Amino acid sequence: MFNHDPIQRHAGPPASSTPTRDYLNTRPPGVDEGYAVLPRSLVEAMPLPWQQQMAHLLADFHRTYGHLNWPLYRVVPSRRERLVDLDEEQLAEVGAIVEIDADGELVYRDRTGKLIADPERQTVLVSVLDPIPGEYANANQNTPPRGFPQPPAVPQPAYPQSGPLPVQQAPGRPAPPPRWP
């Protein structure tokens, strides 16, 4: 039967045509302007249904974009720090040096020797130890989903609790083969 009433519009805002970009622009953990990084140990620790969906999505992604000339990516755990808070090793890592000028003031320079103006407000990425250790690789085996406590393990009986109990065999006599109804 044909319905003559108009189709009702969804009450909320219209769906985005760029949902991935919209989500990544909220800057969740592991996302910057150019990349979205997922720690492998956490991806492998997701619940099995999530892993299955992720594997399908990644397979589709790589089938679609596998023809591109992919480089190898080096991902380094990092955090933002103010330039003036870095030690000499960290300054060398980001390509900056600190000197004392003729007035006795600290001056910061980049690799080319150019003066860095306002180093107190300059932030840079410096490498840190990975805060997500690899021992989470099998976290889903030991951690209950969503942090709910698991009930204590109860030993399971060798026989089911329903139905007739097994007949005790007299010592020295072989047990007859089981009969199934």
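This is a predicted model: local features need pLDDT of at least 70, side-chain atom pairs count only at pLDDT 80 or more; totals for chains, interfaces and linings use all residues.
A salt bridge is counted here when a side-chain nitrogen of Lys or Arg lies within 4 Å of a carboxyl oxygen of Asp or Glu.

The structure holds seven salt bridges. One of them joins the side chains of arginine 63 and aspartate 60, with an N to O distance of 2.2 Å. These two residues are three positions apart in helix α3 (residues 48-65), so about one helical turn separates them. Arginine 63 is exposed, with a relative accessible area of 61%, whereas aspartate 60 is partly exposed at 39%.

Glutamate 99 and arginine 109 also form a salt bridge through their side chains, at 3.0 Å from N to O. Glutamate 99 belongs to strand β2 (residues 96-100) and arginine 109 to strand β3 (residues 106-110); the pair therefore ties together parts that are 10 residues apart in sequence. Glutamate 99 has a relative accessibility of 33% and counts as partly exposed; arginine 109 is also partly exposed, at 25%.

## Nonpolar surface patch

Tyr35, Val37, Phe61, Tyr65, Leu68, Trp70, Tyr73 and Val75 make up a nonpolar surface patch of about 800 Å². Within this group, tyrosine 35 is located in the loop between α1 (19-24) and α2 (40-43). Tyrosine 35 is partly exposed, with a relative accessible area of 48%; this value meets the patch requirement of over 30%.

Definitions and conventions:
Residues are numbered from 1 along each chain as its sequence is written. Side-chain values use heavy atoms; hydrogens and water are left out. Patches are made of residues with over 30% relative accessible area and no salt bridge: like charges are joined within 9 Å, nonpolar side chains (Val, Leu, Ile, Met, Phe, Trp, Tyr) within 5 Å. Accessible areas come from the Shrake-Rupley method with a 1.4 Å probe; for residues, only the protein chains shown count as cover. Helices (H or I, at least four residues) and strands (E, at least two) are DSSP runs, numbered from the N terminus. Buried means under 20% relative accessible area, exposed over 50%, partly exposed in between (1.4 Å probe, protein chains only).
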